[in-house]
Amino acid sequence: MISLSVRLRSGIVEICEDYAQLVIVLEGRATLTTGERIDETGQNNAGRTRTSVISNRTQRELRAGDVVHIAARTPYQLLLAGDAILGCLIIRMKEVKGI
């Protein structure tokens, strides 16, 4: 699945169980935070868990032209500074377990 995303504010921590994501930043800036675990008390909806806690995190600054791969089952969060916006193309790819 391919989608165009415009973020006007920071998102919450998410984890996609079955899909890897390829994020292509088209405009703006953000900080991508990834980690090992999330608070399991979050909402789970159609294979996507949303929560507010991420542990053992690393951060990476993103700007226009950057391409980043987020593996399935990897907690992530996009943080925007102030009134910044982020425009990106997101390609979601179903991961097959055991390959």
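Val-6 counts as exposed, at 57% relative accessibility; here exposed means over 50% relative accessible area, buried under 20%, and partly exposed in between (1.4 Å probe, protein chains only). The structure is a predicted model, so local features need pLDDT of at least 70 and side-chain atom pairs count only at pLDDT 80 or more, whereas totals for chains, interfaces and linings use all residues. Residues are numbered from 1 along each chain as its sequence is written, and side-chain values use heavy atoms, with hydrogens and water left out.

Val-6 is found in strand β1, residues 2–7; helices (H or I, at least four residues) and strands (E, at least two) are DSSP runs, numbered from the N terminus. Together with Leu-8 and Ile-85, Val-6 forms a nonpolar patch on the surface, and the three share about 290 Å² of accessible area. Patches take residues with over 30% relative accessible area and no salt bridge, joining like charges within 9 Å and nonpolar side chains (Val, Leu, Ile, Met, Phe, Trp, Tyr) within 5 Å. Areas come from the Shrake-Rupley method with a 1.4 Å probe; for residues, only the protein chains shown count as cover.

As for the overall fold, the protein chain has 11 strands and zero helices. For the whole protein chain, the accessible surface comes to about 6200 Å², with 51% of that belonging to carbon and sulfur atoms. Of its 99 residues, 35% count as buried.

Now for the inside. In soluble globular proteins, nonpolar side chains tend to be buried together. A nonpolar core is taken as a set of buried Ala, Val, Leu, Ile, Met, Phe, Trp, Tyr and Cys residues joined through side-chain atoms within 4.5 Å. The largest one holds 14 residues, of which Val-23, Leu-32, Leu-62, Leu-78 and Leu-86 touch the most other members. At least two residues of this core come from each of β3 (19–34), β9 (67–70), β10 (76–79) and β11 (86–94), and β3 gives the most, with four. Once neighbours within four places in sequence are set aside, Leu-62 is in contact with Val-25, Gly-28, Arg-29, Ala-30, Leu-32, Val-68 and Leu-78.

The cysteines come next. Cys-16 is buried, with a relative accessible area of 5%, and Cys-88 counts as buried at 1%. Disulfides, meaning pairs of cysteine sulfur atoms within 2.5 Å, come to a count of zero.

Salt bridges (a side-chain nitrogen of Lys or Arg within 4 Å of a carboxyl oxygen of Asp or Glu) number two. In one of them, Lys-94 pairs with Asp-18, with the closest N and O atoms 3.9 Å apart. This pair links distant parts of the chain, 76 residues apart: Lys-94 sits in strand β11, and Asp-18 in the loop between β2 (13–16) and β3. Lys-94 is exposed, at 54% relative accessibility, while Asp-18 is partly exposed, at 28%. Another salt bridge joins the side chains of Glu-95 and Arg-73, at 3.5 Å from N to O. Glu-95 lies in the segment after β11 and Arg-73 in the loop between β9 and β10, so this pair ties together parts 22 residues apart in sequence. Both ends count as partly exposed: Glu-95 at 27% relative accessibility, and Arg-73 with a relative accessible area of 37%.

Note on methods. Contact means heavy atoms within 4.5 Å.
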